[in-house]
Amino acid sequence: MRHRLLTFLAAAIVGAAILLPATTAAGQSQGSASASRTTDAKGWKAGRTAWGDPDLAGIYSNSDESGIPFERPAQFEGRRLEDITAKELEDLRVARRGNTAANSVAEDRPVDREVFWENLNAVNSRAWLVVDPTDGKIPPQTPEARSRAAARAEARKKSGRGPADAPEDRSLYDRCISRGLPGSMMPAIYGSSYEIVQGPNFGKDVRTYMGDARGRWEGDTLVVETTNFKDQIAYRNANGENLRLIERFTATGPATVEWSVTVDDPTTWTKPWTFAMNLTKKDATQRPFEYACHEGNYGLRNILSAARAEEKAKQAAQPASDSR
């Protein structure tokens, strides 16, 4: 999360300075994305910075988007986002809040501190997140992508390693390194605040697990295109060398920015696809703070020590098994 914050700020800063060849995200469904915009945005127009760009600066949160299904639920088969009525969306909000509240106190759920962080009153902006294709589903993976995943699984199987033989056997998220992009921008219990900082004519290279981001303006929309990802954190097991993420930040009201992401990797999916959600402007009390991930550091130690304990228990039980 901390790494994403740095990249995100840099991407916003370079928006006025670094221009790439104009590229329109293939398959971007602007009509579907606009269906979720709030009614109070009618007639509203974004202010401008002192140097003339749309003013997106501010502190935002995606906490109200928690609980939204990523793909279209089966109950809406054959329908599009813009077909969902205001009454249906409100009914969904009530049902989702009820499910979250019930799950937080479920008897079969282990008692933990995550319950404290859950958003019990999220005001979702839409029925699901994928806006393109219009069926609300992620396109099928390519044969190359399936082969790549199978090869990774087979290599892991042949290695003889367990799931927690060493820290390197755990995910980058388990190891408190990164949730990747766009994962670090998605609702995840806490750490849901983001800050957009703008400045004229400034930029620098940023190369992290979040890839290499470049920003530009297309009308009133800030477009951030990110490439050069490391394979071990590429989104949904994409090919890091070919993955291209195109984020669009568009102010849709005095307190709302719509954030959409087009995922483009022809070696992983049969066509590009897009999802979107809202970021809601907050005051200074919601400013981002360092995502230190201390609990993850302790968690990794516990995962590894538990794996060693399981191994010792199996070894201790082996002689008894042989004697029977």
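**Figure 1. Phe70 and its contacts in the predicted model.** Leaving aside neighbours within four places in sequence, Phe70 is in contact with Trp128, Leu129, Val130, Ile138, Met186, Tyr235, Arg236, Trp273 and Phe275. Contact means heavy atoms within 4.5 Å. This is a predicted model, where local features need pLDDT of at least 70, side-chain atom pairs count only at pLDDT 80 or more, and totals for chains, interfaces and linings use all residues. Residues are numbered from 1 along each chain as its sequence is written, and side-chain values use heavy atoms, with hydrogens and water left out.

**Figure 2. The largest nonpolar core.** This core has 33 residues. Phe70, Leu243, Phe249, Trp259, Val263, Trp273 and Phe275 touch the most other members. Two or more residues each come from β3 (193-196), β4 (212-218), β5, β6, β7 (256-264) and β8 (273-282). Another core lies apart from it, with nine residues, among them Leu89, Ala127, Val131 and Ala276. A nonpolar core is a set of buried Ala, Val, Leu, Ile, Met, Phe, Trp, Tyr and Cys residues joined through side-chain atoms within 4.5 Å. Buried means under 20% relative accessible area, exposed over 50%, and partly exposed in between (1.4 Å probe, protein chains only).

**Figure 3. Strand β7, mostly covered.** Nine of the nine residues in β7 are buried. Thr256, Glu258, Ser260, Thr262 and Asp264 point one way from the strand. Val257, Trp259, Val261 and Val263 point the other way. Trp259 and Val263 are also among the residues that touch the most other members of the largest core. Helices (H or I, at least four residues) and strands (E, at least two) are DSSP runs, numbered from the N terminus.

**Figure 4. β7 and its partner strands.** β6 and β7 run antiparallel, joined by nine bridges. A hairpin through two residues connects β6 to β7. Ala251 stands opposite Val257 in β7. β7 and β8 also run antiparallel, with eight bridges between them. Here Thr262 has Thr274 in β8 as its bridge partner. Two strands pair if DSSP finds at least two bridges between them.

Figure 5. Side chains of opposite charge can pair when their charged atoms come close. A salt bridge is a side-chain nitrogen of Lys or Arg within 4 Å of a carboxyl oxygen of Asp or Glu. By this rule the count is 23 salt bridges. Glu77 forms one with Arg72, with the closest N and O atoms 3.4 Å apart. Glu77 is exposed, at 56% relative accessibility. Arg72 is buried, at 7% relative accessible area. Glu90 forms a salt bridge with Arg97, and here the closest N and O atoms are 3.7 Å apart. Glu90 is partly exposed, at 33%. Arg97 is partly exposed too, at 22%.

Figure 6. The side chains of Lys158 and Glu154 meet in a salt bridge, 3.9 Å from N to O. Lys158 and Glu154 are separated by about one helical turn because they are four residues apart in helix α5 (residues 143-159). Lys158 is exposed, with a relative accessible area of 66%. Glu154 is partly exposed, at 36%. In one network, salt bridges that share partners join Arg216, Glu218, Glu225, Arg244 and Asp264.

**Figure 7. Lys230 in its loop.** Lys230 lies in the loop between β5 (221-227) and β6 (244-253). Lys230 and Gly240 are ten residues apart in sequence. In space, their C-alpha atoms are 5.3 Å apart. Lys230 is partly exposed, with a relative accessible area of 40%.

**Figure 8. The protein chain and its confidence.** The chain has six helices and eight strands. From the N terminus, the elements run α-α-β-α-α-β-α-β-β-β-β-β-β-α. Of the 324 residues, 44% are buried. Among contacts with a separation of 6 or more, 72% join residues 24 or more positions apart. The mean pLDDT is 81, and 80% of the residues reach 70 or more. Over residues 1-39 the pLDDT is below 50, and this stretch has 103 contacts in the model beyond near neighbours in sequence. pLDDT is the predictor's confidence in each residue, from 0 to 100.
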